[in-house]
Amino acid sequence: MKINLNEILKGKNRVALGGHVRPDGDCIGSCLGLYMYMKEQYPETETDVYLETVPEAYQMIRCTDEVKSEISGSEAYDLFICLDCGDAKRLGFSEPLFENAKETFCIDHHVSNGAFADYNYIVPDASSTSELVYRLVDRDKIDKSMAEALYMGLAHDTGVFQYSCTSPETMEIAADLMRKGIDGSEIIDRTYYEKTYVQNQILGRALLESMLILDKRCIVSVVRKKEMEFFQAVPADLEGIVSQLRQTKGVEVAMFLHEMAPQEFKVSLRSKGKVDVSKIASYFGGGGHVRAAGVRMHGSSHDVINNITGRIVLQLDHSGSEDEEGEMAGME
Ligand code: 5GP
Ligand code: MN
């Protein structure tokens, strides 16, 4: 079925938008971009946007002050639009609104997404959910503020137009958004590159304590609760650490563990391409993309690292033999 936003919105009086826990640049950009569009183009529709607290750096995006970070009221929405979530659990606190909504619509680019809504617009090779929002709306009606939100999403999920998910179409969309009069460099600098002192300190700590394993093909680092308390860091301060680990010369996979509670870790995985980390995260109940994925796991850090490296080894050994046969060419 061809997805048409206008058709899906027909007859819907109350619509909610929601993104994933620990919202990142693409999640915030796609949710706020679509929210602004809904308010402008569908003023008769009552639209709400649900996200966990938006980190300060992202608050330069318009309407972030209208985001709802808790549920109030019990009336079901006519439509819940879920953005940048590979599964409904990823919605976190807003999941009950998704479950109770009369109809649901999912816009996403995670390869692990099983099309869990009534309507699904899932394109795994799209750079970002923000790119998909751009494709769904009438591009002539995108104003400057909406362009800023979508441009931020594109820039973040492509590592500033560098990762292999950056397609010619991504660049064309970015160009069109630039023509709306946005200050692209300012958005990238303030939301992507700029780090607080605390963020740099915790990054430094993670790099210093990192270990090379699997014959230097994998790099691992762990940040524990007590270190977070020592640096007075919050989970959002950890964004970007795993990408920095991946840049290490010679490694295929970077693994970053954040201790959320005793014996409970948020695991972030990044790959240079040989290993499909989405498969590994999905195996343990998480999900993501070929080169970037995540999962929550229980046990000691040693157990978690051992369990994950076991799955990495399976792919690395396998990829070695495939390489010889020249079958890796099509892999992301
Ligand atoms: P990050 O490591 O930055 O948290 O996440 C990397 C990618 O994996 C993101 O696209 C994110 O949406 C996805 N991801 C992270 N954690 C989970 C998880 O627990 N479940 C699922 N399904 N996806 C996740
Ligand atoms: Mn995304």
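Glu103 is partly exposed in this predicted model, with a relative accessible area of 25%, and its side chain meets that of Lys12 in a salt bridge whose N to O distance is 2.9 Å. Lys12 belongs to the loop between helix H1 (5-9) and strand S1 (14-18), while Glu103 belongs to strand S4, so the pair ties together parts that are 91 residues apart in sequence. Lys12, for its part, is buried, with a relative accessible area of 11%.

**Salt bridges**

The Lys12 and Glu103 contact belongs to a set of 13 salt bridges in the structure. A second one is formed by the side chains of Arg205 and Glu227, again at 2.9 Å from N to O. Here Arg205 sits in helix H8 (residues 197-208) and Glu227 in helix H9 (residues 225-231), so this pair ties together parts that are 22 residues apart in sequence. Arg205 is partly exposed, with a relative accessible area of 29%, whereas Glu227, at 12% relative accessibility, counts as buried.

The side chains of Arg224 and Glu259 also meet in a salt bridge, with an N to O distance of 3.8 Å. Because Arg224 lies in the loop between strand S7 (218-223) and H9, and Glu259 in strand S8 (residues 253-261), the pair ties together parts that are 35 residues apart in sequence. Arg224 counts as partly exposed, at 25% relative accessibility, and Glu259 is buried, with a relative accessible area of 13%. Elsewhere, Arg14, Glu46 and Glu75 are joined into one network by salt bridges that share partners.

The three pairs described individually are set out below.

| Salt bridge | Distance, N to O |
|---|---|
| Lys12 and Glu103 | 2.9 Å |
| Arg205 and Glu227 | 2.9 Å |
| Arg224 and Glu259 | 3.8 Å |

**Helix H4**

Helix H4 (residues 129-136) is largely enclosed by the rest of the structure, because seven of its eight residues are buried. The buried residues of this helix are Thr129, Ser130, Glu131, Leu132, Val133, Tyr134 and Leu136.

**The surroundings of ligand 1**

Ligand 1 is surrounded by 14 residues, the closest being Arg90, His110, Lys266, Ser268 and Arg270. By class, this shell is made up of three nonpolar, seven polar and four charged residues.

Which atoms of ligand 1 and of the Lys266 side chain are 2.5 Å apart? An oxygen atom of the ligand lies at that distance from an N or O atom in the side chain of Lys266. An oxygen atom of ligand 1 is likewise found 2.8 Å from an N or O atom in the side chain of Arg270, and a nitrogen atom of the ligand is 3.3 Å from a polar backbone atom of Gly287. The protein covers 85% of the 490 Å² of accessible area that ligand 1 has on its own.

Two or more residues of the shell around ligand 1 are given by each of strand S9 (264-271), strand S10 (287-288) and strand S11 (292-298). Of the elements that contribute to this shell, S11 supplies the largest share, with four residues.

Notes: Residues are numbered from 1 along each chain as its sequence is written. Chains are lettered from A and ligands numbered from 1 in the order in which they are written. This is a predicted model: local features need pLDDT of at least 70, side-chain atom pairs count only at pLDDT 80 or more; totals for chains, interfaces and linings use all residues. Side-chain values use heavy atoms; hydrogens and water are left out. Buried means under 20% relative accessible area, exposed over 50%, partly exposed in between (1.4 Å probe, protein chains only). A residue is near a molecule or strand if one of its heavy atoms lies within 4 Å of it. A polar contact is a pair of N or O atoms within 3.5 Å; within protein, one must be able to donate a hydrogen and the other to accept it, and residues adjacent in sequence count only if both atoms are side-chain atoms. Accessible areas come from the Shrake-Rupley method with a 1.4 Å probe; for residues, only the protein chains shown count as cover. Ala, Val, Leu, Ile, Met, Phe, Trp, Tyr, Cys and Pro count as nonpolar, Asp, Glu, Lys and Arg as charged, and the others, Gly among them, as polar. A salt bridge is a side-chain nitrogen of Lys or Arg within 4 Å of a carboxyl oxygen of Asp or Glu.
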